[in-house]
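Have your viewer open and follow along.

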Amino acid sequence: MSTTAVSPETASEALAALRWKRPLVHCLTNDVVANVTANALLAAGASPVMAHAPEEAAVIAARAGALLVNIGTLTRDRVEVMVAAAEAARAAGAPWVFDPVGVGASPFRQEAAARILAIGPTLVKGNAAEIVTLATGRPAGRGVDSEEGESRAVQDAAVALARRLRCAVAATGRVDLVTDGVGVLQVHNGHALMGRITGSGCAAGALCAAVLGAGAPALAGAASALAYFGLAGERAAAGEPGPGMFQARLLDELAAVTPEDLAAGARITA
């Protein structure tokens, strides 16, 4: 596992690689956020594809630059598609990101997550409650990442999960935590308005997949993607727009942020 520090320059290089390579990101994502996710990837410079049909999902996953598996609107049939696609991506050597949306909400979601995790993701990206649930096996309530006193528990859960799965883990919140089970990085970019629109967390997972699909290693790539997304959110929030205007401006800023902007604005600490 890597303990490489991530500088703003590293994040800048990751964004430049994304813009140059324009990776194809296969998104098995939830119905609520599919349009938001596709637009965020396009604005960032990646190419989205969303193929849920069992006849083709695995084939496309094997050919794509990266795969995102998001369980937001889960069905039994979709679990089988996700398992097949993740197995295909892993066999092809493509990075894949697991976003365990609402994993603590039901035993069905926890069982599905366990099956998907057993395939070996490159990165698990979730909010603090979701990461704690995966690490402990006990559903964590809403707001785990809203209490400062819980931050150490979230970090410990993320590290333990990364060690168990032998992959990188990102726990998002006011401060995003990214770990490979050895080193821990904190990403301080972002804005509160990002939590007031549909799909911001899901878009963050897709952007992580895109950066990994452009060749960045998991730890550095996840931290870089989250810094990029957070910086775009900060810029979109200038002037304090409402949630609707903010969402449109966030897409604009994902397209407008340059590698040089990210080098100047990324706030990543070890």
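Predicted model: local features only at pLDDT ≥ 70, side-chain atom pairs only at ≥ 80, totals over all residues.

Residues are numbered from 1 along each chain as its sequence is written, and side-chain values use heavy atoms, with hydrogens and water left out.

Two packed helices are described by the angle between their axes and the distance between the axes. Here, helices (H or I, at least four residues) are DSSP runs numbered from the N terminus, and axes are lines fitted to C-alpha atoms over the stretch in contact, with angles from 0 to 180 degrees between N-to-C directions.

Start with helix α6 (residues 128-136) and helix α7 (residues 151-165): their axes come within 9 Å and cross at roughly 50°. The pair is therefore oblique, the label for whatever is not under 35 degrees (roughly parallel), over 145 (roughly antiparallel) or 65 to 115 (roughly perpendicular). The crossing of α6 past α7 is left-handed, meaning that the near helix is turned anticlockwise from the far one by less than a right angle; clockwise would be right-handed. On the α6 side, Ala 128, Ile 131, Val 132, Leu 134 and Ala 135 make contact (heavy atoms within 4.5 Å) with Val 154, Ala 157, Ala 158, Leu 161 and Arg 164 of α7. That contact has nine nonpolar, no polar and one charged residues; Ala, Val, Leu, Ile, Met, Phe, Trp, Tyr, Cys and Pro count as nonpolar, Asp, Glu, Lys and Arg as charged, and the others, Gly among them, as polar.

Now move along to helix α9 (residues 218-236) and helix α10 (residues 243-256), which pack at about 125° with axes 8 Å apart. That angle makes α9 oblique to α10, and the crossing is right-handed.

Finally, what is the volume of the largest cavity? About 60 Å³. A cavity is a set of points on a 1 Å grid over the protein atoms alone where a 1.4 Å probe fits but cannot get out, and lining residues have an atom within 4 Å of a point. Points are joined across faces, edges and corners, and the volume is the space filled by probe spheres set on them. Helix α10 turns up again, giving the most to the lining with four residues. By class, the lining has eight nonpolar, four polar and no charged residues.

How values were computed
Helix = DSSP H or I, 4+ residues; strand = E, 2+ residues; numbered from the N terminus. 1 Å grid on protein atoms, 1.4 Å probe; cavity = no way out; pocket = protein on both sides within 12 Å on 5 of 7 lines; lining within 4 Å.
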